[in-house]
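User: I would like to learn how to read side-chain and sheet features in a protein model. Please take me through them one at a time.

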Amino acid sequence: MIGPRTRSQAASETSSLKSAPRRSARLSTTTSASSSVEPPERPASRSRRYEPYVRIPSDDEIVSNGGIARRGRPKFLKAFEDAGFEAISWKKDRKRLAREFAPVTQLAKDIPHDLQDRLNSLSLSARSAGNMQVLIFEAEIRANTAEDEPYAPPIQIVNEIDDEPTPPLEFYYSNLMWHGEGVPKPDHESLRGCDCIGPCDPMSKTCTCVKRQRKYWDGAGGGGGFIYDRKGKLRAHEYPIFECNMNCACSDDCTNRVVQHGRQYEIAICKTPNKGWGVFAGTKKIPANSYVGLYAGEYLTDSETEKRGKIYNKFGRTYLFDLDFWFLKQAGYENAHYCVDAYHAGNFTRYLNHSCDPNCVINACYINEANLEKPLLTIFTCRDVEPYEELCFSYFGTPDDEDADVTTQKIDDAVYVTCQCGASNCRGTMWR
């Protein structure tokens with residue numbers, strides 16, 4: 001599902017400053033439910049009454065230093081300090097707290113596979129009995145994503161084409177990024193956060209996150225601000241997204257926190273007549289420029305990617321995605337050092353098929369990572385997606401003028417198949 005590129009091809013691709021990334025295979029190089037009955041009245045409290053709290057001027061100074069406004073020092077606070085406990089505040093200590101409670105780095109060598117091994121040891125008839133395989137697959141999705149996107153609509157597995165109950169049980173379902181051997185852990189030490197109170201102001205002259213975003217995208221007509229509008233919709237594609245992070249003081253409802261809140265739209269993984277499994281919108285339309293999901297998987301070094309690419313090309317399915325965005329060269333990174341592989345771990349996005357007329361686009365995004373070479377691959381719609389319409393992006397990337405006429409590739413590997421997207425502008429191939 002990702003196209004092959006030789007070293008020479010990779011070099012020629014970097015000549016286009018804003019060419020979009022592409023998946024790559026490697027060659028040798030109701031109100032009606034409400035009740036009208038009011039809840040019973042609670043009995044009057046007979047607990048001790050306290051005199052009303054009246055704010056005094058000294059409280060303002062305490063709050064400005066990140067403390068809690070109280071008249072005098074609470075006795076319990078002094079007792080804790082006398083016992084050797086440190087009094088901390090969010091304003092003064094948030095960066096240290098963010099480091100201590102930072103997300104745990106997931107290592108590729110720890111990807112679980114016990115469930116898949118047990119199910120694959122059973123016969124197809126046993127796995128199909130009582131729709132067991134489908135129920136387990138959907139339950140695994142819910143369990144493995146409950147923490148990072150607890151309010152996401154459930155994902156359904158649908159096959160009205162043949163007898164295959166689910167996609168192959170070959171990977172661990174996860175929205176996390178798993179670090180392979182030789183890939184550095186997330187750079188939290190260099191990560192800078194803003195000091196905004198409440199949601200960030202996109203027009204702020206002092207917000208660290210606004211400044212960081214402006215470095216790569218200054219807004220339509222130079223208007224600046226965040227790359228999201230106030231409804232969380234993307235204002236421009238093919239530019240890096242810099243969301244507020246764990247070191248930021250702003251609130252969770254900041255408009256610059258979108259990807260980190262997870263998937264919001266209903267989708268289904270469905271079998272297609274001629275393209276294998278695919279991803280489809282649910283019962284409601286997905287508006288243009290909406291966040292759909294994260295292309296999750298393993299971060300791999302370039303050398304490991306070369307090895308896996310040769311194997312994937314032979315059996316005709318590949319989930320490799322080079323991190324070779326145009327802005328990395330602008331920042332001084334001449335060659336892509338890392339890649340994302342969704343074969344052993346990933347989520348529904350690994351089933352996104354190619355289209356020569358796509359309705360989705362891949363965009364680089366940074367949240368709790370200061371290393372520009374390790375962006376998150378985030379998927380946004382580029383136009384309205386109607387209910388039950390298939391979600392697709394271009395494996396080919398944005399075509400450069402010199403290869404706009406490419407329509408065929410004569411390669412023996414099984415991954416090279418004729419494009420089946422059916423678009424009026426279909427070029428006949430998925431790869432450069």
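Predicted model: local features only at pLDDT ≥ 70, side-chain atom pairs only at ≥ 80, totals over all residues.

User: How is an aromatic pair described, and how many aromatic pairs does the count come to?

Analyst: A pair of aromatic rings is described by the distance of the centres and the angle of the planes. Rings of Phe, Tyr and Trp (its six-membered ring) pair if their centres lie within 6.5 Å; planes under 30 degrees apart are stacked, over 60 edge-to-face, and the rest tilted. By this rule there are 18 aromatic pairs. One of them joins Tyr-172 and Trp-178, edge-to-face, with 5.9 Å from centre to centre and 85 degrees between the planes.

User: Are Tyr-172 and Trp-178 buried or exposed?

Analyst: Buried means under 20% relative accessible area, exposed over 50%, and partly exposed in between (1.4 Å probe, protein chains only). Tyr-172 counts as buried because its relative accessible area is 18%, and Trp-178 because its value is 4%. A stacked pair is formed by Phe-325 and Phe-327, at 5.7 Å centre to centre and 25 degrees between the planes. Both Phe-325 and Phe-327 are buried. They also belong to one aromatic cluster, together with Tyr-216, Tyr-239, Phe-242, Trp-326 and Tyr-366.

User: Over which rings does the charged end of Arg-350 sit?

Analyst: A charge sits over a ring if NZ of Lys or CZ of Arg is within 6 Å of the ring centre and within 35 degrees of the ring normal. For Arg-350, the rings are those of Phe-171, with the charged end 3.9 Å from the centre, and Tyr-319, at 4.2 Å.

User: How is a pocket found, and what lines the largest pocket?

Analyst: Rolling a probe the size of a water molecule over the atoms shows where empty space is left. On a 1 Å grid over the protein atoms alone, a pocket is an open set of points where a 1.4 Å probe fits, with protein on both sides within 12 Å along at least five of seven lines; lining residues have an atom within 4 Å of a point. Grid points are joined across faces, edges and corners, and the volume is the space filled by probe spheres set on the points. The largest pocket has a volume of about 1,200 Å³. Its lining has 44 residues, and Pro-103, Asp-148, Leu-176, Ile-367 and Asn-368 lie nearest the centre. The lining divides into 23 nonpolar, 13 polar and 8 charged residues (Ala, Val, Leu, Ile, Met, Phe, Trp, Tyr, Cys and Pro count as nonpolar, Asp, Glu, Lys and Arg as charged, and the others, Gly among them, as polar).

User: In what order do the strands of the 4-strand sheet lie?

Analyst: Strands (E, at least two residues) and helices (H or I, at least four) are DSSP runs numbered from the N terminus, and two strands pair if DSSP finds at least two bridges between them. The open sheet of 4 strands has the order 7-16-17-10, with mixed pairing. Strand 7 (241-242) and strand 10 are its edge strands, each pairing on one side only. Strands 7 and 16 run parallel, joined by 2 bridges, whereas strands 16 and 17 run antiparallel, joined by 6. Ala-364 stands opposite Leu-377 in strand 17.

User: Which strands stand at the edges of the 5-strand sheet?

Analyst: This open sheet has the order 4-8-9-18-15, again with mixed pairing. Strand 4 (156-158) and strand 15 stand at the edges, each with a single partner strand, so one side of each is left without a neighbour in the sheet. Strand 8 (residues 267-271) and strand 9 run antiparallel over 5 bridges, and Lys-271 has Trp-277 as its bridge partner. In strand 18, Glu-390 and Cys-392 point one way and Leu-391 and Phe-393 the other, and all are buried.

User: Where is Thr-206 found?

Analyst: Thr-206 is in the loop between strand 6 and helix 8 (208-214). Thr-206 counts as exposed because its relative accessible area is 64%.

Terms used:
Residues numbered from 1 in each chain as written. Heavy atoms only, no water.
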